Amino acid sequence: MLDLGTPAAEFQLPDSVSGKTVGLADFTGKKALLVMFLSRHCPYVKHILQGLADFTRDYAGTALGIVAISSNFVEQYPDDAPDKLRQTAHDLGFHFPFCYDESQEVARAYRAACTPGFFVFDEGRKLVYRGQFDASRPGNNVPVTGQDLHAAVDAVLAGRAVDAMQKPSLGCNIKWKPGNEPMFA
């Protein structure tokens with residue numbers, strides 16, 4: 001896992017919704033930044049997707065910047081292609097960029113290993129949270145609440161320290177291009 005305190009890695013990615021290029025600088029002035037690695041086909045993402053959409057609406061108009069990134073190899077996983085990301089964003093009413101990381105370099109820079117993967121950075125763009133959305137998993141009958149991510153984001157927005165005891169996210173591994181697998185995957 002990426003060490004707490006690590007600076008947010010720069011990125012320049014196409015937003016599947018607007019077609020514009022989105023980068024770290026686009027979130028200047030936000031007190032916190034949530035970087036999410038998502039995959040349309042992953043059962044763990046599908047399980048929390050409506051809860052995640054509700055979560056992001058809870059923070060609309062606040063000092064939280066949000067960006068979602070899909071880094072999967074679309075030739076083998078066509079459900080994660082940019083046109084499909086755009087459809088998901090439209091269907092769920094996402095009000096934030098949903099970018100496609102074709103080179104997979106952004107996933108590597110963030111040491112993203114699975115989807116869903118959540119990274120929260122403070123105003124200085126230092127990592128303060130990398131962990132799970134909540135304890136709900138497909139089939140465990142625990143309600144999807146976003147409790148863990150809410151606690152982290154709320155702490156940053158209130159100027160409080162985020163609890164260092166963080167549970168890693170569980171899900172589907174990033175689908176790397178053949179020969180592009182990082183050492184940490």
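The entries below concern a predicted model.

**Entry 1: disulfides**

I searched the whole structure and found 1 disulfide. Cys 42 and Cys 172 form it, with their sulfur atoms 2.3 Å apart. The pair links distant parts of the chain, 130 residues apart: Cys 42 sits in the loop between strand 3 (32-37) and helix 1 (43-58), and Cys 172 belongs to strand 9 (residues 172-173). I noted 85° about the S-S bond, and the link of Cys 42 and Cys 172 is right-handed. I then looked up burial, and both Cys 42 and Cys 172 are buried.

Cys 99 counts as buried because its relative accessibility is 0%.

For Cys 114, I found the closest cysteine sulfur in Cys 42, at 7.8 Å, which is also too far for a bond. Cys 114 has a relative accessible area of 15% and is therefore buried, the cut-off being under 20%.

**Entry 2: nonpolar cores**

I turned to the largest nonpolar core and counted 34 residues, of which Leu 34, Met 36 and Leu 149 touch the most other members. Two or more residues come from each of strand 3, helix 1, strand 4 (64-70), helix 2 (82-92), strand 5 (98-100), strand 7 (117-121), strand 8 (127-131) and helix 4 (147-157). Helix 1 gives the largest share of this core, 6 residues.

I listed the contacts of Leu 149, leaving aside neighbours within four places in sequence: they are Leu 34, Phe 55, Phe 118, Val 120, Tyr 129, Gln 132 and Phe 133. Another core, of 23 residues, lies apart from the largest one and includes Leu 13, Leu 33, Ala 107 and Ala 112.

**Entry 3: cavities**

How many cavities of 30 Å³ or more does the structure hold? I found 2.

The largest cavity has a volume of about 80 Å³. Its lining has 13 residues, and Ile 48, Pro 116, Ser 136, Arg 137 and Leu 170 lie nearest the centre. Helix 1 supplies the largest share of this lining, 3 residues. By class I recorded 7 nonpolar, 4 polar and 2 charged residues in the lining of the largest cavity.

The second largest cavity holds about 40 Å³ of space. I listed its lining as Leu 38, Ser 39, Arg 40, Val 45, Leu 49, Thr 88 and Phe 98. Of these lining residues, 4 are nonpolar, 2 polar and 1 charged.

Terms used: Residues are numbered from 1 along each chain as its sequence is written. This is a predicted model: local features need pLDDT of at least 70, side-chain atom pairs count only at pLDDT 80 or more; totals for chains, interfaces and linings use all residues. Side-chain values use heavy atoms; hydrogens and water are left out. A disulfide is a pair of cysteine sulfur atoms within 2.5 Å. Helices (H or I, at least four residues) and strands (E, at least two) are DSSP runs, numbered from the N terminus. Buried means under 20% relative accessible area, exposed over 50%, partly exposed in between (1.4 Å probe, protein chains only). A nonpolar core is a set of buried Ala, Val, Leu, Ile, Met, Phe, Trp, Tyr and Cys residues joined through side-chain atoms within 4.5 Å. Contact means heavy atoms within 4.5 Å. On a 1 Å grid over the protein atoms alone, a cavity is a set of points where a 1.4 Å probe fits but cannot get out, and a pocket is an open set with protein on both sides within 12 Å along at least five of seven lines; lining residues have an atom within 4 Å of a point. Grid points are joined across faces, edges and corners, and a volume is the space filled by probe spheres set on the points. Ala, Val, Leu, Ile, Met, Phe, Trp, Tyr, Cys and Pro count as nonpolar, Asp, Glu, Lys and Arg as charged, and the others, Gly among them, as polar.
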